[in-house]
Amino acid sequence: MTSPSLHLTPVTLATGRLNLPGSKSISNRVLLLAALAEGTSQLNGLLDSDDTRVMLAALRQLGVEVKETGLAQIEVQGGSPFPVGQADLFLGNAGTAFRPLTAALALMGGQYRLSGVARMHERPIGDLVDALLSLGADVQYEGNVGYPPLRIGQGTIDGGKPVAVKGSVSSQFLTALLLAAPLYAAQASDDMHIDVEGELISKPYILITLNLMAQFGVQVQRQDWARFTIPAGSRYRAPGRVEIEGDASTASYFMALGAIGGGPIHINGAGSQSIQGDMAFADVIEAMGATVVRHPQSIEVRGVHVARGDKLKAFDRDFNLIPDAAMTAAMLALYADGPCTLRNIGSWRVKETDRIHAMHTELEKLGASVESGADWIRVHPMEPTRWRSASIETYDDHRMAMCFAMAAFGPVPVTILDPGCVSKTFPEFFSVFHDLVQA
Ligand SMILES: O=C(O)C1=C[C@@H](OP(=O)(O)O)[C@@H](O)[C@H](O)C1
Ligand SMILES: C=C(OP(=O)(O)O)C(=O)O
């Protein structure tokens with residue numbers, strides 16, 4: 001179901017403060033960890049959005065006791081195996097729910113079906129399934145080989161020999177194996193080794209995984225990015241309280257606002273102590289000419305006034321480490337003093353939509369000159385006379401909707417189609433955006 005379109009009239013200034021919603025990546029990891037850990041976990045600051053709702057609903061269907069104890073506060077009674085050994089789970093388009101649950105249920109054993117929206121059934125999962133099959137799990141494709149929906153049965157898991165996983169399509173496959181690994185390692189007499197075969201993309205997300213596993217009592221040993229060892233006897237223990245920090249990918253939209261709308265924008269919820277790689281987007285806007293002050297749990301951004309003709313500095317950068325925040329950088333290119341090139345972003349092709357195609361097409365509708373290839377995109381800056389008033393398709397991709405809000409700093413009105421798709425990670429995005437900008 002599509003939502004009514006949103007008309008953005010030109011704005012010139014951005015200033016104010018906001019509290020970030022909880023991190024999607026941390027929320028869904030912590031929900032699964034709390035469900036697997038023996039004992040009670042109190043999760044504070046959890047994100048409330050489509051992606052966390054499908055994870056919560058799945059855990060409840062699996063019999064995990066989850067209580068809402070306050071605003072963004074959840075209490076989880078964990079333990080494994082899950083109480084319900086048979087379930088048909090719908091996981092929307094949430095990669096952070098689909099991939100980790102596939103691995104956990106495959107190692108747990110039972111009878112499960114995992115499906116999602118049509119786009120989820122076009123997002124690859126073969127590299128994770130191959131790794132699980134090599135461990136002795138029973139995972140079958142219901143439709144196209146290499147893609148959801150999946151059926152999981154009772155396998156015979158042997159983690160005694162190193163398991164290899166490819167990480168060139170998504171880091172979530174390695175994250176999924178790591179999160180599930182203690183289901184085997186807890187009973188094992190030998191350490192479990194996970195080897196990465198070939199290139200590993202989006203590395204900072206693996207560090208989030210390892211950090212949170214450690215908070216739940218499992219210390220993974222890492223040899224570069226090649227081998228991950230889960231010691232024999234490793235088991236998750238509920239840590240009591242877990243504070244979930246704000247979402248750094250969401251923070252990128254507000255850092256961008258400060259960079260082009262003067263600021264100051266005060267962003268509360270993630271700062272220099274963040275465990276999220278996307279906080280490095282602050283370095284990107286700094287290099288473009290914005291001023292960033294980093295506090296342990298917040299940041300402040302001041303910038304230029306692009307609506308008055310100021311320009312940001314152009315860039316040519318590798319964005320492999322921050323693929324989500326990279327989309328925001330592509331929008332900032334419109335206001336730069338030269339062409340901006342984003343490299344090593346091949347994973348954009350298999351996310352909520354083909355983001356290279358979507359970005360290229362929609363930026364051209366605004367009047368921009370764009371070039372792209374298999375894993376890169378180049379956006380040329382806009383002269384004021386080039387801007388065209390366009391209706392922007394969002395392709396059911398929350399990040400397309402959120403980053404095209406930055407086009408409101410151009411001189412013509414812009415319409416965002418189906419803006420409600422922001423509910424994947426930040427349902428209140430447009431009301432927070434409107435509170436910060438002025439004509
Ligand atoms: O592990 C995670 O929480 C995520 C990893 C990244 O995916 P890839 O590893 O597929 O790039 C990122 O794009 C996604 O939004 C969240
Ligand atoms: C790629 C994304 O999501 P997912 O967790 O579904 O992979 C994203 O949020 O940009």
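A residue is buried if 20 or more other C-beta atoms lie within 10 Å of its own, exposed if 12 or fewer, and partly exposed in between, with C-beta atoms placed from the backbone. The model is predicted: local features need pLDDT of at least 70, side-chain atom pairs count only at pLDDT 80 or more, and totals for chains, interfaces and linings use all residues. Residues are numbered from 1 along each chain as its sequence is written, while chains are lettered from A and ligands numbered from 1 in the order in which they are written.

**Exercise 1. Is K24 buried or exposed? Which residues does K24 contact?**

Step 1. Count the neighbours. K24 has 29 other C-beta atoms within 10 Å, so K24 is buried.

Step 2. Find the element. K24 lies in helix α1, residues 24-36. Helices (H or I, at least four residues) and strands (E, at least two) are DSSP runs, numbered from the N terminus.

Step 3. List the contacts. Two residues are in contact if their C-beta atoms, placed from the backbone, lie within 7 Å. Leaving aside neighbours within four places in sequence, K24 contacts L47, S49, D51, T52, T96, D247 and T425.

Step 4. Check the record. The unreviewed UniProt entry gives a "binding site" at several residues, including K24, R355 and R399. UniProt positions are in the numbering used here, feature names are shortened, and annotations may be inferred rather than shown by experiment.

**Exercise 2. How do α2 and α3 cross?**

Step 1. Recall the description. Two packed helices are described by the angle between their axes and the distance between the axes.

Step 2. Read the values. The axes of α2 (residues 50-61) and α3 (residues 95-108) come within 8 Å and cross at roughly 30°. Axes are lines fitted to C-alpha atoms, for helices over the stretch in contact, and angles run from 0 to 180 degrees between N-to-C directions.

Step 3. Name the arrangement. α2 is therefore roughly parallel to α3. Angles under 35 degrees count as roughly parallel, over 145 as roughly antiparallel, 65 to 115 as roughly perpendicular and the rest as oblique.

Step 4. Look at the residues. D51, V54, M55 and A58 of α2 meet T96, A97 and L101 of α3. This contact has five nonpolar residues, one polar and one charged. Ala, Val, Leu, Ile, Met, Phe, Trp, Tyr, Cys and Pro count as nonpolar, Asp, Glu, Lys and Arg as charged, and the others, Gly among them, as polar.

**Exercise 3. Find the backbone exceptions.**

Step 1. Know the rule. Most residues other than glycine have a negative phi, and most peptide bonds are trans.

Step 2. Look for cis bonds. The bond from S80 to P81 is cis, with omega near 0°. P81 lies in the loop between β5 (73-78) and β6 (86-90). The bond from P148 to P149 is also cis.

Step 3. Look for positive phi. N344 has phi near 60°. N344 counts as partly exposed, with 15 C-beta neighbours inside 10 Å. Y395 has a positive phi of about 55°, and with 22 C-beta neighbours inside 10 Å, Y395 counts as buried.
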